[in-house]
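This briefing is for a reader new to the structure below. Please look over the sequence and the model before going on to the points by topic.

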Amino acid sequence: MNDQTFLASRRNLLRTGAILSLGLLASCGTPKITPSGDGSDQTDATLGYVNNLRKQKGLEPLVRDPAAAQAALSQAGRMAKAGKMSHLIGMGDSFLDRMKGSGVSLPAAENIASGQDSAEKAYTAWYNSPKHLENMLGPNYRGLGVAVMRNPASGNRPYWAMVLSTS
């Protein structure tokens, strides 16, 4: 094999390796986590607690927002499937993209919780957390959606999500 042939073979090998590497990287993108498990819309069970709090602070009551309820159910399901409480699950996950994809009016906020066995206990956990309390008292929010999801694969632990919207 002469030098020219060797160099051409080496270039082809490097080029092929680079293409394969890029293909592998592309396939390692953010996995799409779809909700799975046993879940339910808990908006009605939570709305009274949030509106009593808002009334005490002189704020307008919230109303059920179907898009926010769907976004909450989706987020609770994503957490239950992943077996972890997190706003962002997987590389490239985006709160804004999730809200836009669910049709939630922006700006929006999301409260999450894990382990509570009732809407009242989830609300109490959010109430006792300064940042979550701030979200519930957001003066520009008009809509609410709350959901819980359990997944046998993650020990049936309840994962909660609350989405507050401006619609």
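What percentage of the 167 residues in the chain is buried? Buried residues make up 38% of the 167, where buried means under 20% relative accessible area, exposed over 50% and partly exposed in between, with a 1.4 Å probe and protein chains only. This is a predicted model, in which local features need pLDDT of at least 70, side-chain atom pairs count only at pLDDT 80 or more, and totals for chains, interfaces and linings use all residues. Residues are numbered from 1 along each chain as its sequence is written, and side-chain values use heavy atoms, with hydrogens and water left out.

**Overall layout**

- The chain has six helices and five strands; helices (H or I, at least four residues) and strands (E, at least two) are DSSP runs, numbered from the N terminus.
- From the N terminus on, the order of elements is α-β-α-β-α-α-β-α-α-β-β.
- Of the contacts between residues at least 6 apart in sequence, 71% join residues at least 24 apart; contact means heavy atoms within 4.5 Å.

**Helices α2 and α5**

- The axes of α2 (residues 43-56) and α5 (residues 119-127) come within 9 Å and cross at roughly 35 degrees. Axes are lines fitted to C-alpha atoms, for helices over the stretch in contact, and angles run from 0 to 180 degrees between N-to-C directions.
- On the α2 side the contact is made by A45, T46, Y49, V50 and L53, and on the α5 side by A119, E120, Y123 and Y127.
- The buried residues of α5 are A119, A122, Y123 and W126. They lie on the same side of α5 because they cover an arc of only 100 degrees around the axis, the arc being that of the directions from the helix axis to the C-beta atoms.
- The cover over these buried residues includes α2, β3, α6 (130-136), β4 (143-150) and β5.

**Strand β3**

- In β3 (residues 109-114), six of six residues are buried.
- A109, N111 and A113 point one way from β3, while E110, I112 and S114 point the other way.
- β3 runs antiparallel to β5 (residues 159-165), and six bridges join them; two strands pair if DSSP finds at least two bridges between them.
- A113 stands opposite W160 in β5.

**Residue D41**

- D41 is in strand β1 (residues 38-41) and counts as partly exposed because its relative accessibility is 36%.
- D41 touches R64, A69, V146 and A147, not counting residues up to four places away in sequence.
- D41 and Q70 are 29 residues apart in sequence and 8.1 Å apart in space, C-alpha to C-alpha.
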